[in-house]
Amino acid sequence: MKKYLFIFLCLLATYSTAGQFNRGQISEPYIDSANPHFTGSLTVDGNAEFNSDVNIDHKVTVGSGTSTGNFTVSGTLLNTSSTTVYGSVDANNVNVNEGVLTEVTITGTTLYLTISSVEALFRSDTGFNSNLIRKTIPQAGINLSANTVYWLVANYNSGNPVYQALTSNTTINNSTIIPVARISMDGTTMDYHIDYGTVGRSAAIRNFDRAMRIRGVGGIERESGFTLTETATRIVNVAAGVCWFGLDRISTTAVVQNGAGIDSDMWYHQAGNWTKMTISSYNVTNYDDGTDIQQVGAGKYVVNWIFRNIANKEEVDIVLGTGNYNAGQAEASTLPALPPEVQNFYVLCGRIIVLRNASSAYAIESAINTVFQTAAVSDHGDLSGLTDPVDHLWAVANDGSRTAQTILGNITLSAGSVLETPKLNVTSTATVTTSLTSPIVYVASVTANNTAGLMLGDDANNGIFINDGGNVSIGKKSAELFLDIEGG
C-alpha cells in the first residue's frame, strides 16, 4: 500500500489537475490540454508543439547542445522570467526582427581583423515569410585590402552563420544577409569604422523614436497634398492632404481660410512671448523680430508661413517671417522658430510671400514640392554688399573714393553722365568715349600706362598728345619739342 501511495504522490508532483504541469524535461511532447501551466523551468531538447495557451513562470530553454528543435505556440505564450529560444520561434515574431542582438567587437592592427562572436536573428528565406531563427555567429578573422570600403555582414549560410566582408551592399537583404558594420582600412589601421547597431532589438520602436525626433516638424511629416493657393482677397486655401504623426496616418480635407467652421490665427511675439490673434486673411504689413511685431518698410516683403491643424480643429494658422525683407531675402528666408502649439499639432503647408499692402501674393510655395533653402536672387538690387568696393574691383567709383582705378575695357559716357575719380588708368587698347552731349569727366590725374604716350582727342583722333618724355603736341601724334604745335 505504501508503495502505491508513493507512486501516486510522484505522479501528482508531475501532473496536477486540468493539465497543470509543474516542472520537467520533456523530449518532443505534444500537449493539447486546456491550459498547460508550467510553474518551474521548462527544457525541451526536441520539438515542442502547444495548441493552446501556455503559461510559463520561469525560464524556457528549447534546444540544448546539438539538439535544436522548434517551439510552436498556437495560443498565447506568457513568460514572467527570461526566455531563451534557439532555433525556430513561432510566436508571431512580435517585438523582434532580423539583426544582431549585440554590437560586435572588431580588433586588429593590420589588414587582418578579428570579429567577436555575437547572437543574431535571421530568416531562412529572403521573402520575410519564414520564422525568425536565433543563431550564434562564431568569432572569425577576415582579410581586407587597403583603401577599400567594406560592408561587414552576417550571412545565415543555411543555418551555419558566418561573417563576410563585402565591397558592395547590393546583396544585403536584411533577412538572410544582415548588416553588422562598415569598415575601411588605410593599410595598417582601421581608418573608418561604424556599426549598424543592434538592429535585432526593438528596431521598430527605436525607428519610431528616430522618426519622432528628426522627421518633419514635431514628428509630423507630410506624405501628399496640402498644396497652397489663394482666392480674393488674400484668402489662404489649403488642399486636402495626408500626413503622418508617429504611426498614425492622418487624412485631412481641403480648407479655406475664413470659411464656415474654419478658424485662423496669426502667431507672433509680444514682449518676447508667443501670442496669437484671430485673422481672416494672410498678413501684408508685418514681421516678427522675436520680441515684438514690427511693420515692414515701403517696398519690402512679408513672409507668411502657413500651417494646417491635424488634431481636433479645422484650422489654418500663420507664423510671421522674422525680417524686414526685400524680395531676395524673403525668398531665401528659412522656417522660423515655432510656438509649441504649432510645432506639435500642425503640419507645414508652405509659405506666401507678399509685397507690403499688395492685394495678391508675390510667390506661393507649397512645402510638398518646395525645399525651403537659399533661393537665387533675380533682382541685382536685392543683393547685399553693393556698396562694398572690395567686391567690385572692376567698377569705377563715381564718388572719387578710389585713389587709382585701372580700366581694362572701353568706357562710354552718355548725355548728362558724370565720371569723377582722382586717377584714371586706361590700357593702350581701351578708350574713353562719350555719346550725345554734355557728359562730364572729373579726373584729377590721367596717366598713360606705357611708353606709347597719352592721347586726348576728338572723334577723328585730333587733339593733344603727350609723349613718354613729357613733350606735348597739338594736332599731331608726335612731340619732338617741349611744345610742338602742328602748323604753328
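## Buried or exposed

A residue counts as buried when its relative accessible area is under 20%, and as exposed when that value is over 50%. Keep these two cut-offs in mind for the residues below. The model is predicted.

## Tyr 301

Tyr 301 sits in strand S32, which covers residues 301–309. Is Tyr 301 buried or exposed? Its relative accessibility is 13%, so Tyr 301 counts as buried.

Which residues touch Tyr 301, leaving aside neighbours within four places in sequence? Among them are Val 296, Gly 323, Tyr 325 and Asn 326. Ile 353, Val 354, Leu 355 and Tyr 362 are also in contact with Tyr 301. Ala 361 is 60 residues away from Tyr 301 along the chain, yet their C-alpha atoms are separated by 9.9 Å.

## Backbone exceptions

Most residues other than glycine have a negative phi, and most peptide bonds are trans. Here are some exceptions.

Asn 147 is not a glycine, but its phi is positive, at about 55°. This residue belongs to the loop between strand S17 (140–143) and strand S18 (149–155). Asn 147 counts as exposed because its relative accessibility is 66%. Phe 226 also has a positive phi, near 65°. Its place is the loop between strand S22 (220–225) and S23. With 0% relative accessibility, Phe 226 counts as buried.

Strand S23 spans 228–231, and a loop links it to strand S24 (235–238). Thr 233 is found in that loop. The peptide bond from Ala 232 to Thr 233 is cis, with omega near -15°.

## A sheet of four strands

Four strands form an open sheet in the order S43-S44-S45-S46. The pairing is mixed. Which strands lie at the edges? They are strand S43 (454–457) and strand S46 (483–485), and each pairs on one side only. Neighbouring strands of this sheet are turned by 15° against each other on average, direction ignored.

Now look at strand S44 (residues 463–466) and strand S45 (residues 472–474). These two run antiparallel, joined by three bridges. Phe 465 has Ser 473, in S45, as its bridge partner.

## Confidence

How confident is the predictor in this chain? The mean pLDDT is 76, and 64% of the residues reach 70 or more. Over residues 1–30, pLDDT is below 50. That stretch has 44 contacts in the model beyond near neighbours in sequence. Residues 373–379 also stay under 50. For them the model has nine contacts beyond four places in sequence.

Definitions and conventions: Residues are numbered from 1 along each chain as its sequence is written. This is a predicted model: local features need pLDDT of at least 70, side-chain atom pairs count only at pLDDT 80 or more; totals for chains, interfaces and linings use all residues. Side-chain values use heavy atoms; hydrogens and water are left out. Two strands pair if DSSP finds at least two bridges between them. Axes are lines fitted to C-alpha atoms, for helices over the stretch in contact, and angles run from 0 to 180 degrees between N-to-C directions. pLDDT is the predictor's confidence in each residue, from 0 to 100. Contact means heavy atoms within 4.5 Å. Buried means under 20% relative accessible area, exposed over 50%, partly exposed in between (1.4 Å probe, protein chains only).
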